Amino acid sequence: MSAPGTPSTVRSYAAVDLGASSGRVMVGRVGPDLLELSEAHRFPNRPVRVPEGLRWDILGLYAGVLEGLRAAGAGHGGRLDSVGIDSWAVDYGLLDADGALLGNPVHYRDARTEGVAEKAWETVPAAELYARTGLQYAPFNTLYQLAAAQGSAQLAHAKRLLLVPDLLAYWLTGEQGTELTNASTTQLIDPRTREWSYDVAARLGVDLGLFAPLRRPGDPAGLLRPEVLEETGLRGPVPVTAVGSHDTASAVAAVPATGERFAYICTGTWSLAGLELDAPVLTEESRAANFTNELGLDGTVRYLRNIMGLWLLQECVRAWGDPDLGVLLREAAEAAPLRSVVDAGDAAFLAPGRMPERIAEACRAAGEPVPRTRAETTRCILDSLALAHRRAVEEAQRLADHPVDVVHIVGGGTRNALLCQLTADACGLPVVAGPAEAAALGNVLVQGRAHGVVGDLADMRGLLARTQPLTRCEPRGDTAVWRAAQARLTTR
């Protein structure tokens, strides 16, 4: 038998990981005591505003995926053991009877769903919809996108709907499927049965026949087509494996927890803060608190709240002409704490543009001091995010009756040391930060598990804890100042 980590027991997996602002193809080398990740190719994800609205440049993304697979193969002798794809949730492409794409997928920040949810609730009241699907209210949920599209020429001619990662997998393999963790964000899945909610779909006029059969993480999703092998230079056969194709599902799979008493915050453009549970929480109190029940690996439920996340800072930095972020964060660390806070979950911050002015307007409207400098605006954002993290972690524990001892922060926000420390201070709990590339690591680990290289979810997390750099932040000070700041938001 080969020793752990020798070439015969190490496999190479490509993780296609698509975020709202960039995409990348990462290569993970996985073995019994080895987990290494390297970047093969990174490419921008730039939505395009056309006369009919905001659209994803899906062809540009697919070209980036192909180039990334070419680069990944070039670094590994033209051979990959598998490919997995994860991306953001809810958005989809429509195909005609020949399998051709009917227009570019609509961006979830497009305005077409404004007011749609309220009309849907006239047929299926919001409380009943939550009790059946467990999904928090978000104006861009797939269900509301489909309601907004009713009567359109594209939907009338569509014969298939594929969520974004499933669409790219279809182009790579020619095979169609709907991966479950991402399907659970559509508001068309019953989280108790982990199958479609046929009654909800029928009452709201959604044709579930548009969706391809459900797949689970680890299921085979086809082989790279000969044309793809030729274009990428890969030596076949190369299987595509279904992973947690919602990037948050992959990221939560990569939380390096050693027990069950943990909360997680997946940070990036969004902050997804919550718990991993064995069953959904479908109470009216949970709905009122706007928690969602999305599906994870191995029968788990991702019980979490969506928070606007580092989108607020990203948009400010863009408006300011991309100043040095390190300098900005150092100046923010020296700014007065909790001078100004806003509701980081407010849908008013959803659309792009004028973010510094909109934060100032929100402060003014709430009676908060208006930030005077870029550093004060940055500190306002980070304090507000930490405050939102605190509130989500506290409320999730109470609503699910699931106490925690530690908060794990994964994703791009782990590189923001100030945000991680402020979150520890706000929650009054230790924070373990890392890994930064959680979605890609979860992606490759699911592939590795599907091919027998690693074991169950606990084994995956143990491997992460042994191999990935992690930083621990202990809480400082009294959480009373954070309670007072929260009270300022809730009483104005």
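Two strands are taken to pair if DSSP finds at least two bridges between them, and helices (H or I, at least four residues) and strands (E, at least two) are DSSP runs, numbered from the N terminus. The structure is a predicted model, in which local features need pLDDT of at least 70 and side-chain atom pairs count only at pLDDT 80 or more, while totals for chains, interfaces and linings use all residues. Residues are numbered from 1 along each chain as its sequence is written, and side-chain values use heavy atoms, with hydrogens and water left out.

Within this model, Phe262 stands opposite Val406 in β19, and strand β15 (residues 262-267) runs parallel to strand β19 (residues 406-411), to which 6 bridges join it. Both strands belong to an open sheet of 7 strands with mixed pairing, in the order β17-β18-β16-β15-β19-β20-β21. Because β17 (292-295) and β21 (471-473) stand at the edges, each with a single partner strand, one side of each is left without a neighbour in the sheet. Neighbouring strands are turned by 30° against each other on average, direction ignored, where axes are lines fitted to C-alpha atoms, for helices over the stretch in contact, and angles run from 0 to 180 degrees between N-to-C directions.

Helix α15 packs on this sheet, touching β15, β16 (271-277), β18 and β19, and its direction makes about 145° with that of β18; contact here means heavy atoms within 4.5 Å. Helix α16 (residues 417-427) also packs on the sheet, where α16 touches β15, β19, β20 (431-433) and β21 and makes about 160° with the direction of β20.

Tyr303 is found in strand β18 (residues 301-307), and Tyr303 counts as buried because its relative accessibility is 0%, the classes being buried under 20% relative accessible area, exposed over 50% and partly exposed in between (1.4 Å probe, protein chains only). The C-alpha atoms of Tyr303 and Gly244 are separated by 16 Å, the two residues lying 59 residues apart along the chain.

Turning to helix α12 (residues 311-319), the buried residues are Trp311, Leu312, Leu313, Glu315, Cys316 and Val317. The elements that cover these buried residues include α13 (325-334), α14 (355-366) and α15 (374-400). Just after α12, Gly321 takes a positive phi of about 85°.
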